[in-house]
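User: I am new to this structure and would like to learn how to read its surface and its aromatic rings. Please take me through some features.

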Amino acid sequence: MQEIIIKRNYNLYYRMLAISVVALFFIARNIISYYKSGGEGNLVFLIISYVFGFFILLLVNNSIRQLNKRTPALIISENGIIDNISLIKPELVPWSNIVGAEVKKYRGNLQMAIILRDYYDVLDNESPVRSKMTQTLINDLETPWLINLTLIKTDISELHRIILERSAAAAADVVNRES
């Protein structure tokens, strides 16, 4: 089996960066006009502008960091899947641990839920925030592994077909070895 490399889709981050820069321009304009007027104006509006400006700077920082990542989104090899974009970011999930995949809309985005035999093997429970978020996914979807399909450049039906075929082949190999 050949290795399939699926690239990241950077369009979302380019749009986010452009919108954030425009928003920062308007916020900076409002802050400068407050100080140019000699402090006449609404102080609450100034404080809100600073707070929103801070959060938009965080958004700009995140967009730039995401645009600088050059690792592929997914690597599908004969051994399994390496995922660099999902919440849990598993190292290498072997095909024998993958039961199947479902494409569904979850929280407004088209997602691919990868169903695992034993998802505790791939979870990184070092981060309490990440652990809580993955527990929410387990409660909602019965799997912690969700791939946001807007973040990858590929044919969704083809990716779904490949994952189903390779996981079924690995399951058949396990059955053949046991008998």
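This is a predicted model: local features need pLDDT of at least 70, side-chain atom pairs count only at pLDDT 80 or more; totals for chains, interfaces and linings use all residues.

User: Which residues make the nonpolar surface patch?

Analyst: Such a patch joins nonpolar side chains that have over 30% relative accessible area. Here L43, I47, V51, F54, F55 and L58 make a patch of about 580 Å². L43 belongs to helix α2, which covers residues 43-68. With a relative accessibility of 48%, L43 counts as partly exposed.

User: How many aromatic pairs does the structure hold?

Analyst: The structure holds three aromatic pairs. One of them is F25 with F26: the ring centres are 5.3 Å apart and the planes meet at 70°, so this pair is edge-to-face. The cut-off for that label is an angle over 60 degrees. Another pair, Y34 with Y35, is also edge-to-face, at 5.4 Å centre to centre and 80° between the planes.

User: Is Y34 buried or exposed?

Analyst: Buried means under 20% relative accessible area. Y34 has 13% relative accessibility, so Y34 counts as buried.

User: Which residue lies over the face of Y10?

Analyst: For this feature, look for a charged side chain placed above a ring. Here that residue is R70, at 4.8 Å from the ring centre of Y10.

Technical notes:
Residues are numbered from 1 along each chain as its sequence is written. Side-chain values use heavy atoms; hydrogens and water are left out. Patches are made of residues with over 30% relative accessible area and no salt bridge: like charges are joined within 9 Å, nonpolar side chains (Val, Leu, Ile, Met, Phe, Trp, Tyr) within 5 Å. Accessible areas come from the Shrake-Rupley method with a 1.4 Å probe; for residues, only the protein chains shown count as cover. A salt bridge is a side-chain nitrogen of Lys or Arg within 4 Å of a carboxyl oxygen of Asp or Glu. Helices (H or I, at least four residues) and strands (E, at least two) are DSSP runs, numbered from the N terminus. Buried means under 20% relative accessible area, exposed over 50%, partly exposed in between (1.4 Å probe, protein chains only). Rings of Phe, Tyr and Trp (its six-membered ring) pair if their centres lie within 6.5 Å; planes under 30 degrees apart count as stacked, over 60 as edge-to-face and the rest as tilted. A charge sits over a ring if NZ of Lys or CZ of Arg is within 6 Å of the ring centre and within 35 degrees of the ring normal.
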